[in-house]
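Let's take a walk through this protein together, one piece at a time. Have the picture open while you read.

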Amino acid sequence: MDFQFRTDMLGEPSAKCDIECEAFGDWLSNDLGTDRESINIVLDAIENLLCRNIPDYQFICKEYTLTIEDDEVILTLNHNETSHKEFAEDYDQEMQAGCGLADFKHLLQEWKAFIR
């Protein structure tokens, strides 16, 4: 997964991920932000998953829900219903992004280091 971190004009950190995983950048920027406690909670869960201490993990935030199962990470936008039925198929594709657990762990560790 390719990603870039920046600081905006107000000094707030911002993440941008490649097109297939762009929801992860939005999640980092808007749901996690500089909340180190939440970042550490997710990183601890990843370690527990890798050690097979827990079978899966779910972390619900304001805008997204993070689900980790079988070394796959899925990020789903909360309230993912549209009233425009003709756009429902296209809309649903944008509501979810996925990546491997190793890539996700690397992304999260890099974000944590960036916001220090």
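What you see is a predicted model, where local features need pLDDT of at least 70, side-chain atom pairs count only at pLDDT 80 or more, and totals for chains, interfaces and linings use all residues. Residues are numbered from 1 along each chain as its sequence is written, and side-chain values use heavy atoms, with hydrogens and water left out.

Let's begin with helix 2, residues 36-50. Helices (H or I, at least four residues) and strands (E, at least two) are DSSP runs, numbered from the N terminus. Helix 2 has 15 residues and reaches 21 Å from its first C-alpha to its last, close to the expected 21 Å; that expected span is 1.5 Å times one less than the number of residues. Which residues of helix 2 are buried? They are Ser38, Ile39, Val42, Leu43, Ala45, Ile46 and Leu49. These residues cover an arc of only 155° around the axis, so they sit on the same side of helix 2. The arc is taken from the directions from the helix axis to the C-beta atoms. Covering the buried residues of helix 2 are, among others, helix 1 (22-32), strand 3 (56-60), strand 4 (64-69) and helix 4 (101-114).

Now for some charged partners. The structure holds two salt bridges, each being a side-chain nitrogen of Lys or Arg within 4 Å of a carboxyl oxygen of Asp or Glu. In one of them, the side chains of Lys105 and Glu47 meet at 2.6 Å, N to O. Lys105 belongs to helix 4 and Glu47 to helix 2, so this pair ties together parts that are 58 residues apart in sequence. Glu47 counts as partly exposed because its relative accessibility is 35%. The other pairing joins Arg52 and Asp71, whose closest N and O atoms are 3.7 Å apart. Arg52 is in the loop between helix 2 and strand 3, while Asp71 is in the loop between strand 4 and strand 5 (72-77), 19 residues apart. Arg52, at 59%, counts as exposed, and Asp71, at 38%, as partly exposed.

On to the strands, which pair if DSSP finds at least two bridges between them. Strand 4 and strand 5 run antiparallel and are joined by six bridges; in this pairing, Tyr64 has Leu77 as its partner. Strand 5 also runs antiparallel to strand 6 (residues 96-100), with five bridges, and here Val73 stands opposite Cys99.

Cys21 itself is buried, with a relative accessible area of 7%.

Technical notes:
Buried < 20%, exposed > 50% of the residue type's maximum accessible area, 1.4 Å probe, protein only. Contact = heavy atoms within 4.5 Å.
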